[in-house]
Amino acid sequence: MVVAAMATAAAAFTACGNSTPTANLKSDVDSLSYAIGMAQTNGLKEYLVDRMGVDTAYMADFIKGLNEGANAGDNKKKAAYYAGIQIGQQISNQMVKGIEHEVFGNDSTQNISLKNFMAGFVSGVINKGGLMTNDTAQVIAQNLMTKIKTRSMEKEYGPNKAEGVKFMADNAKKEGVKTLESGVQYKVIKEGKGAIPTDSSMVKVHYEGKTIDGKVFDSSYKRGEPITLRCNQTIKGWTDAMVHMPAGSVWEVYIPQELGYGEREQGEIKPFSALIFKIELLEVNPK
């Protein structure tokens with residue numbers, strides 16, 4: 001591992017300060033120590049730059065810290081301090097950036113509060129003074145992340161959502177279109193006479209999916225092979241439609257965004273997209 005390589009390389013240093021220790025190869029052990037130290041740095045510079053965000057203009061400062069860490073020995077106080085520095089840098093360079101991208105996408109104007117993040121982090125790590133339990137924090141974090149992410153995505157893709165709402169309202173008025181209690185709409189192309197699946201039934205289906213502007217994003221017909229799946233292991237709109245379809249039916253199904261992929265971007269499907277599927281229910285509980 002690169003981290004282990006970094007520790008091994010550091011162990012070969014015997015001088016303090018930010019200067020490079022001077023090699024003195026008087027014996028085989030000296031030469032072995034030097035060779036191992038150099039060999040273990042293979043890929044380390046790339047790791048420092050790519051994974052730890054180290055600017056190579058400040059390598060002298062890295063060497064200073066490296067020397068201090070290597071010479072700390074088993075000093076537990078220093079070991080704890082250096083561990084805090086390392087984890088703090090991971091928070092700054094990786095964790096916070098990852099969270100912000102997950103919540104706010106590419107909107108660089110939005111940031112989480114580092115002060116409050118660190119308050120929660122410290123309370124959690126010392127298990128003292130927390131405003132909530134760890135289990136509660138995980139639930140709250142997930143719920144609020146979804147809420148804030150949805151709000152952020154609505155700001156960016158609001159017009160897409162509005163178009164979908166208008167489409168569903170207009171489509172409901174068209175001849176032959178029926179609306180289920182959930183809000184899913186459908187039009188019967190072919191009425192089957194077979195069994196109607198439950199939400200836990202396995203089904204074999206052919207399908208074609210497209211956006212409301214007619215762009216096809218997926219098709220089992222093009223692949224030349226139907227799929228087999230459990231009714232409740234797909235988007236909610238599919239499940240709601242299929243539990244009303246007799247086997248042998250072909251329906252055109254219109255799914256509002258909240259019963260499709262919602263705020264998620266799924267391949268060619270933009271967030272908050274209403275979707276249209278041609279679904280051909282071939283078999284229920286296929287053998």
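This section walks through a helix contact, the nonpolar cores, the aromatic pairs and a few individual residues of a predicted model.

Because the model is predicted, local features are reported at pLDDT of at least 70 and side-chain atom pairs at pLDDT 80 or more, while totals for chains, interfaces and linings use all residues. Residues are numbered from 1 along each chain as its sequence is written, and side-chain values rest on heavy atoms, with hydrogens and water left out.

Helix α5 spans residues 76–104 and helix α7 spans residues 134–171; helices (H or I, at least four residues) and strands (E, at least two) are DSSP runs, numbered from the N terminus. The axes of α5 and α7 come within 7 Å and cross at roughly 60 degrees. That angle makes α5 oblique to α7. Here, axes are lines fitted to C-alpha atoms, for helices over the stretch in contact, with angles running from 0 to 180 degrees between N-to-C directions. Angles under 35 degrees count as roughly parallel, over 145 as roughly antiparallel, 65 to 115 as roughly perpendicular, and the rest as oblique. On the α5 side, Ile99, Glu102, Val103 and Phe104 meet Met145, Ile148, Lys149 and Ser152 of α7, a contact being heavy atoms within 4.5 Å. These residues divide into five nonpolar, one polar and two charged. In that scheme Ala, Val, Leu, Ile, Met, Phe, Trp, Tyr, Cys and Pro count as nonpolar, Asp, Glu, Lys and Arg as charged, and the others, Gly among them, as polar. Ser152 in α7 is buried, with a relative accessible area of 16%; the classes are buried under 20%, exposed over 50% and partly exposed in between (1.4 Å probe, protein chains only). Leaving aside neighbours within four places in sequence, Ser152 is in contact with Val103 and Phe104.

Attention now turns to the nonpolar cores. A core is a set of buried Ala, Val, Leu, Ile, Met, Phe, Trp, Tyr and Cys residues joined through side-chain atoms within 4.5 Å. The largest one has 25 residues, and Val205, Trp238, Val253 and Phe277 touch the most other members. Strand β3 (202–211), helix α9 (236–242), and strands β6 and β7 (275–284) each supply at least two residues of this core, with β7 giving the most, five residues. Beyond its neighbours within four places in sequence, Phe277 has contacts that include Tyr207, Phe217, Trp238, Val253 and Ile255. A second, separate core of seven residues includes Leu48, Met52, Phe62 and Leu66.

Ile255 lies in strand β6 (residues 250–255) and, at 0% relative accessibility, counts as buried. Outside the four places on either side in sequence, the partners of Ile255 include Met168, Ile235, Trp238, Leu275 and Phe277. The C-alpha atoms of Ile255 and Thr136, 119 residues apart along the chain, are separated by 34 Å.

Phe121 is partly exposed, at a relative accessible area of 30%. Tyr186 and Trp251 are also stacked, at 3.9 Å centre to centre and 10 degrees between the planes. This pair links distant parts of the chain, since Tyr186 is in strand β2 (residues 185–190) and Trp251 in strand β6, 65 residues apart. Tyr186 is buried at 12% relative accessibility, and Trp251 is buried at 2%.

Most residues other than glycine have a negative phi. Asn127, in the loop between α6 and α7, has a positive phi of about 55 degrees and is exposed, with a relative accessible area of 71%. Phe272, in the loop between β6 and β7, has a positive phi of about 65 degrees but is buried, with a relative accessible area of 2%.

Notes. Phe/Tyr/Trp six-rings, centres within 6.5 Å; stacked < 30°, edge-to-face > 60°.
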